[in-house]
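Please look at the model below, and follow how its two chains meet and where open space is left.

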Amino acid sequence: MVIVSHSLKAAEGIKEIAQQMGSDVPLAAVGGTADGRIGTDPLMIKKAIEGVMGPDGVLLLVDLGSAVMNAQLAVEMLGDEDQEQVVLSNAPILEGAVVAVVESAMGHDLERVKRAAEEASHMEKLL
Amino acid sequence: MKVAKDQIVAMIKEMAASVAENKKYLTELDSAIGDGDHGINMDRGFRKVLERLPAVEDKDVGSIFKNVGMSLISAVGGAAGPLYGTYFMEFGKVAAGKEELTNGDLEKMLAAGLNGIKRRGKAVVGEKTMVDALEPAAEAFAAAAAKDKTPLACFQAAVAAAKKGKEATIPMLAKKGRAHYLGERSIGHQDPGATSSELILASMLKVLEG
C-alpha cells in the first residue's frame, strides 16, 4: 500500500497509525515535492509504488486534487504489467489506510481490500 | 504559412518569462480561492523547462514539447503540474517528428492538449478552471484556420477567446480543485488556472507578432 499526501509528515503519520494494525503489511508513505514543498510528485509516487510492489498488487490511498492526478500519472508511467497490479482508492486517506491494513493482514485480495477501505467513508465516528 | 522550430523555442521561453513576470499576480488570485501557490508553482515549473530546453532545442518539435510537459510534471508540485504537463505532452504527440508546424498541426495540438486536460482533471466548461480559457481558444483557432487565416490571425482569435473565457470565470461557482471547497465564496474571483492558460497562449501569439 502507498499513502500519498501533499505533506510528507501527514503521509508518514498516517502510515504510522495504520501500521499498528498490521506490522507485516508493506506500507510506503510519500508526500511533498522533491524540494520539500507542499504538493505531490508523480516520479516520487512511482518510486514508492515500485518499492512495495509484490505479487498481490498495490493499493494507492490519496488525499486531495493533485495527489489524485499525480498518482494516476505515476501509474501510467509504470510498465504495462505493473500497471494492472496497482489500484487507486477513493477511500478517505486515514480511515481507509487503517481498514486496508486490517483487511490486507487478513489475507484478502486487492479488490476486497479496496472495497473495504472505501466503505470506511461511511464509518460512524460518533456512536 | 508555417511556424518554424526557432519560433516554437522562442514561444516556450516567452511562456517562462510571462509566468515569471506574473508570478505574484497568479499567486494573489490563487490565495483568494485556492492554496495560494499557483504563481510559485508555475514559475518553478517553467524554470525547470528553461533549464532543460538547451538539451532538446535541436530535436523535433514533438520532443521539445514533450520535454516541456515532463519538466512541468516533475517540478510544479500542485495540480497545474499534471494538467499542463498533460497539455504539453499532447502537443508533443501531435508534433512528433515535425520540424515546423502548419495551421492544421497547431489546431490539432490545441484540441489534443485541451482534451488531455479535460481527461486528466475531469473538468468541462463552466466549472471555473483552465478549460474555460482553453476550450474557447481551441474553438476560435479552429474557426479561424477553417477560413485559411495565417497562424498569427488564428492565434489572435484564440487569445481573444481565452481572455473572454478567463473573464467569464469571475462570476462562476467553482466545481473543481481547492476552490470547490469554498462553495459560494469562490464567486467573484477570477480563476488562476484560466489566467495562466491565457498567459501561455498569449506568449505564443507574442512571438508571432514579432
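The side chains of Arg44(B) and Asp35(A) meet in a salt bridge, with 2.7 Å from N to O; the term stands for a side-chain nitrogen of Lys or Arg within 4 Å of a carboxyl oxygen of Asp or Glu. Across the interface of chain B and chain A, two salt bridges are found by this rule. This is a predicted model, in which local features need pLDDT of at least 70 and side-chain atom pairs count only at pLDDT 80 or more, while totals for chains, interfaces and linings use all residues. Residues are numbered from 1 along each chain as its sequence is written, chains are lettered from A and ligands numbered from 1 in the order in which they are written, and side-chain values use heavy atoms, with hydrogens and water left out.

Seen as a whole, the contact (heavy atoms within 4.5 Å) takes 17 residues from chain B and 17 residues from chain A. The two chains bury about 1300 Å² between them, 54% of it on carbon and sulfur atoms, where buried area is the accessible area (1.4 Å probe) that two parts lose on being put together, summed over both. In chain B, the residues that lose the most area to chain A are Ile73(B), Gly77(B) and Arg120(B), which together make up 39% of what that side buries.
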